[in-house]
Amino acid sequence: MTGQALLWGLLYALPLVVRSDFLLTIFIFTFIYGILGVTFDLIFGFTGQLSMFHPAVFGVSAYMTHLLAIHFKLPFWAATLPSAAAAIVLALVVGSVCFKFRLKTFYFAVVTLAFAEMIRLVVMNWNSVTNGTLGLVVSGKPTIYWPGSGVVPIKGPIAWYYLTLVCLSLTVLICARCLRSWMGRCFGAIRLNEDLARTLGINVFRYKLLSFAIGSALASFAGGLYGYYTGYIDPGYLSINQSMEVLAMVLLGGQGTLIGPIVGSLVLTGLPHAIDLRAEVRAMLYGAILIFTILVMPRGIVGTLYAWRSKRGA
Amino acid sequence: MTQLVLGQVLNGAIIGAMYGIIALGITLTFGITGIVNFALGEFMMIGAYVTYTLAERGMPYPVAVVPACLIAAAAGYLSNKAFFRFTRNNLVNGLLVSIGLISIFESASMLLWTATPVEMHFVLPGALRVGDIGLPKMKLVVFAVIVVVIVATYFALARTWLGRAAFAYAQNPEAAMLMGVHTPRLETAVMLYSTGLAGLGGALYASLYSLEPAMGGVYVLKGMEAAILGGIGSLMGSLWGGVILGVIEGVGSIFLPTAFRDAYGLAVLVAILLFRPSGLFGDE
């Protein structure tokens, strides 16, 4: 536990030492994708449901946050709440359908993927609202109340670094709290053996739905932040590739851990920038690393480290 | 109106047959060896580009199809030896290895052929007219070839010792091995055949549509849909699944907005999975 506290402390202290905008930008993307990864891991790594619905939540909340802010003149934070509510409603509808019919593993993945694709098609073709494939330019900035200077907009890499880091920390805290409660026990029981969990009196349907809804609600914040940070939203946010990328991050970092997805997100967002190569060669390298990790380190980076440490301790 | 609907049904069936050949590969590899090869679309892309390159260099099209299948199968053999055989019975790992392979193959083909779509010269110009509906001859040839291949595969597996060995292997690999089935050879054969089929699908595709490196991703999704629709493990189901999917998409876009073409197939797929999870032609 002290190791993790040290790690978080280092992250919070990093901008004091590192001034390079390039590095800070990599970390900002890492944190936003980290939120997505951690929430995905709650559904996949801890509850055992391979959902392909995450990019839909991510994209819809990015669009919704921006559209609410524009049309109803809401500040960023007020706009994220209805977006989270929308994410919960979507998750409850899709989740109820899938879990009522007891779709598992592969079939659950395919049906959630189908729903995500349908939502993507709606977003892509609803031209009057979403501007279709051309996407929307986001010019607003999230604001924050700062003692002394009142309400200030978030600008510059350092402010964004802390904003996204705080959001990621809160996400991890909420997830950790859920997992340590009775909910987490039920999620674990469902992951290990669904039928056994049912015979023990756990309402499997309700807890799967709960995990899906919590994960989606938290993931919606990543969407709002990402849209505002990059200043641009397009239907690519909802694409299947996004789903694959999040899955790759979680598996590379280590599924079933809260730190793993963040490590995976750091490696996969940092690596393409760290190596200066042609885009095609870079994509090839990315594929090679992915295959290599899956075959050589199936528990991911953090999982392998944990195993190594417990072996040394024993 | 009936003309329009009939035309879309025929067109959808032909496009659906293309989905069907990928679905056959998915169904074979998953049903027999328990490996998910989500990168089959990339072997199709290889087949398509090899055919294109050879045909543009002056090789007659029917001859160019052969090396296309062989090269796709060789790529399939290598990826099985290096990666896929380690992902047996592990869907998620198979999926991830496939994503990695898609990334590698797609960028390699961008380096070799660039991202600009290319188009082959017409192989077989002209169209047959049935009533008021015009059907390009090449499309009919493609449809016929695919149907023959799938039906032949079905009979080869339903009537021969090889087919019995394959089904035995699917049910219980250890028992099949004890009964004298050379299982590693069988696994390799299934992989060679499914990727070779994808190469053939690509070669046929090249004669009809324009090619781009990202084509594989779209087709493997459709193939997966078709395989699930027909029922994973069912060989004729993959053909029917593909044709039904193609027809639904074609007819759906007459009566409903064309922009949501892909959604009609998905909606039917979801409905089928909810009420008949083993697919239309799968075992209960």
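At what angle do the axes of helix 4 (residues 76-100) of chain A and helix 10 (residues 204-230) of chain A cross? They come within 8 Å and cross at roughly 145 degrees; axes are lines fitted to C-alpha atoms, for helices over the stretch in contact, and angles run from 0 to 180 degrees between N-to-C directions. Helix 4 of chain A passes helix 10 of chain A in a right-handed crossing, that is, the near helix is turned clockwise from the far one by less than a right angle.

This is a predicted model, in which local features need pLDDT of at least 70, side-chain atom pairs count only at pLDDT 80 or more, and totals for chains, interfaces and linings use all residues. Residues are numbered from 1 along each chain as its sequence is written, while chains are lettered from A and ligands numbered from 1 in the order in which they are written.

**Chain A**

Chain A has 14 helices and four strands; these are DSSP runs (helices H or I, at least four residues; strands E, at least two), numbered from the N terminus. The table gives values for the chain.

| Property of chain A | Value |
|---|---|
| Radius of gyration, over C-alpha atoms | 19 Å |
| Box of C-alpha atoms along the principal axes | roughly 55 × 45 × 45 Å |
| Buried residues | 46% of the 314 residues |

A residue is buried if 20 or more other C-beta atoms, placed from the backbone, lie within 10 Å of its own.

**Contact between the chains**

Two residues are in contact if their C-beta atoms, placed from the backbone, lie within 7 Å. The contact takes 28 residues from chain A and 27 residues from chain B. On the side of chain A that touches chain B, helix 5 (105-125), helix 11 (240-253) and helix 13 (279-296) of chain A each give two or more residues. That side has 23 nonpolar, three polar and two charged residues. Ala, Val, Leu, Ile, Met, Phe, Trp, Tyr, Cys and Pro count as nonpolar, Asp, Glu, Lys and Arg as charged, and the others, Gly among them, as polar.

**Helix 6 of chain B**

In helix 6 (residues 161-171) of chain B, the buried residues are Ala165(B), Ala166(B) and Tyr169(B). They lie on the same side of helix 6 of chain B because they cover an arc of only 100 degrees around the axis, taken from the directions from the helix axis to the C-beta atoms. Ala166(B) counts as buried because it has 23 C-beta neighbours inside 10 Å. Leaving aside neighbours within four places in sequence, Ala166(B) is in contact with Ile32(B), Leu157(B) and Leu186(B).

Conventions:
A residue is buried if 20 or more other C-beta atoms lie within 10 Å of its own, exposed if 12 or fewer, and partly exposed in between; C-beta atoms are placed from the backbone. The radius of gyration is taken over C-alpha atoms; the globule rule is 2.2 Å times the number of residues to the power 0.38.
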